[in-house]
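Biologist: Can you walk me through this one? I have a few quick questions.

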Amino acid sequence: MTDIPGGRTSRDPYEPELASFRETDDQTAPDADSVAKTGTTTVGITTEDGVVVGTDRRASLGGRFVSNKNVVKVEQIHPTAVLTLVGSVGGAQSFVRSLRAEASLTEKRRDEPLSIDALATLAGNFARGGPFFAINPILGGVDDEGSHVYSIDPAGGVMADDYTVTGSGMQLAHGTLEGEYDPAISIGEAETLAARAVHAATERDTGSGNGLVLATVTEDGVDIEEYDDAEELL
Amino acid sequence: MQDNQQQAYDRGITIFSPDGRLYQVEYAREAVERGSASVGVRTADGVVLAANRQTRSPLIERESIEKIHAVDDHIGVGSAGHVADARKLVDIARQEAQVEHLRYGQPVGVEALTKTLTDHVQQYTQTGGARPFGVALLVGGIENGEPRLFETDPSGTPYEWQATAVGGGSDEIRSFLEAEYDPEMDLAGGVTLALGALGQVQNGIDADSVEVATVDTESEQFRTLPADEIAAHLEETDIGGDEA
């Protein structure tokens, strides 16, 4: 910390530089049933040429009432990386905003985008050091070293993998991916696989449903497409 | 006697002289004038920033001389004067641009960002123990689809321009721009005009001795021109060194 006007506001690596997370005193923890959650199934798959991230589109209250039917639960946070929104919608949106702003600031200072590994570390630090966000996102991205997906857990655990799934429908989606994934698949095949995995979960998990969003990340950038029905991709 | 009197008034920046001048701020303007020039040109389809990056030794790595900086995707800054002071302001601008994304979820406006910077600079003309910023900036970018170009000076005053220069020889460059500027010109024409303007005060311009960046209305992205593109623009004009 520095007292010089205009000096950097935070030297704490677990906190964003631009705005500090404030711990709520928790005497007014929001009623769990009135907080929108994504429930959700989100899938991240790496291939040689890029990353495919698939999500459903449902937001629900307590997993029992569908509060929104067309949520885009994957957002671009970096020129070649996306993050999924899993868990509390408010926590996830705030997390995305912070991560995007910090990554952009660093990119402008260094004249090159952060590596995906650095971005994952930053995300883990924020999840660990901030208030309890109640989120479990996937980070997927491409850099000089290739394609990466990470799952980030609510306590700040960051784990890289060839493919990963988070959200209430994770067992169902894993059932599809397990044994089907092959590191040699093309991006097109990965899109089909992600669609099948999310579709399986939307059929049986009450927290997931209402179609599908696919994000494709290559070294050229990010493309996010919405589909009303996963069937058209299977 | 005269000297003693003036010295008393330039001791502190917070002290006005009897004729209402702030000597330290005026000295800071001199510091800007000692720096090599940066030029800004606003065209119908984007903003151009160009700066002299002449080196004092062939051993210095040219890339390490940075006078034009990306602030956000859609805004860049050119500078003249104290490089270190410029870097500080640029970082404030970068932080402010991201705070706007955090707070409102939208890109910061060029005018709003300029005024945040000038308000910061102004504090250094009214605070005891401080020294004014010895730097002038050109802030160029796209706001609501329109190109905008602003200047900040060491007093903390914002100005908006169609085309201007800061730093050494800026008066001469501005006269050139006043004669040659055409608001209808396209971005490529703006780059050529900016290089021509630098050519007024810089001998033997080549692609390595200038830095050029643009923000166009179509992509709204800050972009640094590679050396071969600058060379192509220089070829188009007759500035390419032959007058040296």
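This is a predicted model: local features need pLDDT of at least 70, side-chain atom pairs count only at pLDDT 80 or more; totals for chains, interfaces and linings use all residues.

Biologist: Good. Is His148(A) buried or exposed, then?

Modeller: His148(A) counts as buried, because it has 23 C-beta neighbours inside 10 Å.

Biologist: Where does His148(A) sit?

Modeller: In strand E9 of chain A, residues 146-152.

Biologist: What does His148(A) touch?

Modeller: Leaving out residues up to four places away in sequence, His148(A) touches Thr46(A), Ile116(A), Gly141(A) and Ala160(A).

Biologist: And how far apart are His148(A) and Glu17(A) in space?

Modeller: 25 Å, C-alpha to C-alpha. In sequence, 131 residues separate the two.

Biologist: Zoom out. How many helices and strands does chain A have?

Modeller: Chain A has 4 helices and 13 strands. Its radius of gyration is 18 Å, close to the 17 Å that the globule rule gives for 234 residues, so chain A is as compact as a globular protein of that length.

Biologist: What does the C-alpha trace of chain A span along its principal axes?

Modeller: About 60 × 45 × 25 Å.

Biologist: How much of chain A counts as buried?

Modeller: 49% of its 234 residues. As for contacts in chain A with a separation of 6 or more, 67% come from residues 24 or more positions apart.

Biologist: Which residues are on each side of E1(B)?

Modeller: Ser38(B), Gly40(B) and Arg42(B) are on one side, with Val39(B), Val41(B) and Thr43(B) on the other. Both faces are covered.

Biologist: Which strands pair with E1(B)?

Modeller: One is E8(B), residues 163-166, which runs antiparallel to E1(B) and is joined to it by 4 bridges. There, Gly40(B) stands opposite Thr164(B). Another is E2(B), residues 46-52, also antiparallel, over 6 bridges. Val41(B) stands opposite Val48(B) in that pairing.

Biologist: How many residues lie between E1(B) and E2(B)?

Modeller: 2, and the two strands form a hairpin.

Biologist: Last one. How many residues does each chain give to the contact?

Modeller: Chain A gives 12 residues and chain B gives 13. On the side of chain A that touches chain B, 5 residues are nonpolar, 3 polar and 4 charged.

Technical notes. Residues are numbered from 1 along each chain as its sequence is written. Chains are lettered from A and ligands numbered from 1 in the order in which they are written. A residue is buried if 20 or more other C-beta atoms lie within 10 Å of its own, exposed if 12 or fewer, and partly exposed in between; C-beta atoms are placed from the backbone. Two strands pair if DSSP finds at least two bridges between them. Two residues are in contact if their C-beta atoms, placed from the backbone, lie within 7 Å. Ala, Val, Leu, Ile, Met, Phe, Trp, Tyr, Cys and Pro count as nonpolar, Asp, Glu, Lys and Arg as charged, and the others, Gly among them, as polar. The radius of gyration is taken over C-alpha atoms; the globule rule is 2.2 Å times the number of residues to the power 0.38.
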